[in-house]
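The following paragraphs guide a new reader through a protein structure. Please look over the sequence and the model before reading on.

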Amino acid sequence: MISLSSDIKYIKGVGEKRAELFRKLGILDVRQLVHFYPRKYQDWSQEMTAAQCESGENACIKATLMTPVKEHMIRKGMTVFKCNFTDGETVIHVTLFNNKYLAKSLRQYNDYILYGKIEKTLTSANMSSPKIEEAEKNIGIHPIYSATEKLNSKAIGKVVKTALDSLPPFDETLDTDFRLKYGLASLDFAIRQIHFPESFENLEKARYRLIFEELLILQLGLLKLKSKKKNETAIHINKNYTKEFYSLLPFAPTNAQKRAISECIEDMSKEYAMNRLVQGDVGSGKTAVGAGVIYTAVKNGFQCALMAPTEILAAQHMDTISQMLSPTGIKIDLLTGSTNAKQKHEIKSRLINGETDLVIGTHALIQNDVEFRNLGVVITDEQHRFGVNQRANLAMKGNEVHTLVMSATPIPRTLALMIYGDLDISVLDELPAGRRKIRTDVVDTRYHKRIYEFVKKAIARGEQAYIVCPLVEEGETDLLPATQYAEKLAQNEFKGYNIGLLHGKMKAKDKDNVMTAFSDGSIKILVSTTVIEVGVDVPNATVMVIENAERFGLSQLHQLRGRVGRGSVQSYCILVSDSKSETAQNRLAIMKEYSDGFKIADEDLKQRGPGDFFGNRQHGLPDLKIADMLEDTETLTLCRKAADEILAEDYNLDLPKNKNLAQAISDMFRNSVSN
């Protein structure tokens with residue numbers, strides 16, 4: 001008898017060799033197998049005759065094998081098997097490719113179910129590589145699993161069936177009264193019907209139950225996590241210096257900036273440590289919000305740390321914030337990987353002695369030998385570019401410090417609540433006065449000559465331009481890497497112009513030198529990869545040309561476009577693409593139509609899904625096996641309400657009825673946002 005914790009190899013018919021194939025799918029034990037849900041279903045319940053089918057559509061036909069299966073070797077490695085079936089009215093010619101096992105199993109005059117695309121002629125019909133089952137084994141609705149070359153969907157389904165037949169009823173995670181209140185099927189029904197549904201009605205009930213439970217567990221876990229972060233702190237802001245800070249600025253802050261700073265200061269005045277996300281579109285002024293928080297914290301006697309993902313961005317923050325705060329006597333240091341050993345030693349000494357009020361840096365800030373005398377506030381910029389542990393590591397340099405994270409990746413609020421469930425959220429939803437909408441055009445490579453002339457005119461006006469190339473993987477011969485493209489432009493179209501080159505494989509010092517030269521205007525055209533995507537601020541740059549634009553995600557294109565339009569002069573973004581793909585053309589049309597990052601983020605999420613949107617799961621959100629963050633937002637809202645109700649009655653989930661629910665939360669969060 002197997003249990004949920006049994007190794008996959010102990011299921012009848014699996015063994016060590018096949019278990020290894022399951023492990024490649026991330027399935028190590030029986031529990032993971034039963035939660036490996038089908039990705040879609042085929043409806044074999046509606047049996048038809050060939051005459052009732054439309055040519056070119058998928059059909060499910062009950063038919064009798066009339067002829068022996070004939071084998072033909074086309075070439076080495078390709079064997080074709082041919083035979084004829086009849087549904088009583090029409091002869092169906094069936095062709096199988098390299099499927100010797102199926103071909104040998106077919107018996108003349110036996111009845112079978114054929115499922116697949118049917119192509120019809122006047123007198124007969126053809127099916128190429130249909131799925132074939134013995135007629136009496138037709139289960140109606142067939143599950144289709146994500147498979148591999150050596151482990152197909154049918155084989156996975158067979159093992160799931162064996163496992164489910166061997167398992168006792170599943171222990172319920174939700175209280176009976178709770179299930180009745182929210183109209184939820186039992187867990188045992190849901191798991192068995194999600195794999196082998198007896199009807200589409202049962203499938204829908206099973207899906208709803210499993211989606212609801214997954215989102216409920218996620219919400220409970222995040223709410224618990226958020227409350228854990230509400231630690232009492234001795235770091236209290238006694239006096240608010242915000243008005244004084246505003247008087248230092250050479251511009252009037254937006255209402256959104258004022259609101260965000262106010263929310264931060266209010267948080268820092270309470271007994272619990274602040275954990276807040278400031279989320280804003282490109283150019284919405286997050287740095288000024290960070291500076292406002294820093295100013296009040298320092299004036300109250302605390303040190304601050306600001307961590308950025310790249311040296312370029314850290315140096316830029318240093319420059320921007322120094323202009324705002326240095327005249328007030330606040331001492332600021334920059335600590336990055338390329339800071340020389342002597343300077344590092346001096347900066348670390350000043351931090352531990354309390355001589356430095358604010359340190360701005362990269363991952364170098366979380367090294368063990370970086371210590372503070374009185375750290376009060378930790379700010380991380382572009383949060384999604386850090387692993388979840390890195391934010392915690394910096395915060396641990398102090399004692400229950402206030403934490404502020406900033407992101408220029410706009411995300412729909414519902415999704416933000418899930419991903420940053422341990423944080424309160426402030427949204428910067430307006431741009432500073434004077435910002436002009438960036439004109440965006442989509443063209444193909446036939447326009448290159450006109451684009452280059454346009455760039456030359458901008459340079460003649462004293463402006464600058466970016467030309468961005470996608471990263472080129474080895475073997476992609478149809479694309480020019482940034483290095484070769486820069487050389488081509490320097491030798492031909494822009495001969496005599498000062499062209500700079502920036503890409504990820506350059507040394508940090510070389511990158512900084514190029515960016516400095518571009519910032520001070522000595523480089524007129526910067527050819528770059530997406531290394532400039534985040535934060536680089538050169539107000540004099542007014543033209544952004546993005547080559548092979550179809551190769552970028554929408555949010556990435558929006559981030560790149562945000563590198564221009566930083567000043568008051570009209571700016572332009574030219575998206576160059578020869579792609580005929582409908583998806584690519586739709587994406588680029590969205591870029592031309594919208595300038596609002598939140599709308600673009602919505603579209604990007606719809607097209608790419610949350611995993612690709614954030615990349616490498618750095619956001620630390622647990623994997624969802626069946627729920628969809630975009631499609632199931634109504635259920636998510638309901639689950640948030642349900643989670644609040646459960647915690648209001650039994651915050652620690654100590655009641656017997658919540659025991660299995662507590663275990664499910666622990667299982668989901670074990671490998672994700674546990675810090």
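In which loop does Leu653 lie? In this predicted model, Leu653 is found in the loop that runs between helix H21 (633-649) and helix H22 (659-669). Although Leu653 is not a glycine, its phi is positive, at about 55°. With a relative accessibility of 7%, Leu653 counts as buried, because the cut-off for that class is under 20% relative accessible area.

Asn548 also has a positive phi without being a glycine, in this case about 45°. Its loop connects strand E21 (541-546) with helix H18 (554-561). The relative accessible area of Asn548 is 24%, and the residue is therefore classed as partly exposed.

Attention may now turn to helix H16, which spans residues 482-491. Its buried residues are Ala482, Tyr485, Ala486 and Leu489. Viewed down the axis of H16, these buried residues fall within an arc of 100°, so they line one face of the helix. The cover over them includes helix H15 (448-460) and strand E18 (464-468), together with strand E19 (499-502) and strand E20 (525-528).

The protein as a whole provides the setting for these details. It has 675 residues, of which 52% count as buried, and its secondary structure consists of 22 helices and 22 strands. Among contacts in the protein with a separation of 6 or more, 73% join residues 24 or more positions apart. The accessible surface amounts to about 32,300 Å², and carbon and sulfur atoms make up 48% of that surface.

Definitions and conventions
Residues are numbered from 1 along each chain as its sequence is written. This is a predicted model: local features need pLDDT of at least 70, side-chain atom pairs count only at pLDDT 80 or more; totals for chains, interfaces and linings use all residues. Side-chain values use heavy atoms; hydrogens and water are left out. Buried means under 20% relative accessible area, exposed over 50%, partly exposed in between (1.4 Å probe, protein chains only). Helices (H or I, at least four residues) and strands (E, at least two) are DSSP runs, numbered from the N terminus. The arc is that of the directions from the helix axis to the C-beta atoms. Contact means heavy atoms within 4.5 Å. Accessible areas come from the Shrake-Rupley method with a 1.4 Å probe; for residues, only the protein chains shown count as cover.
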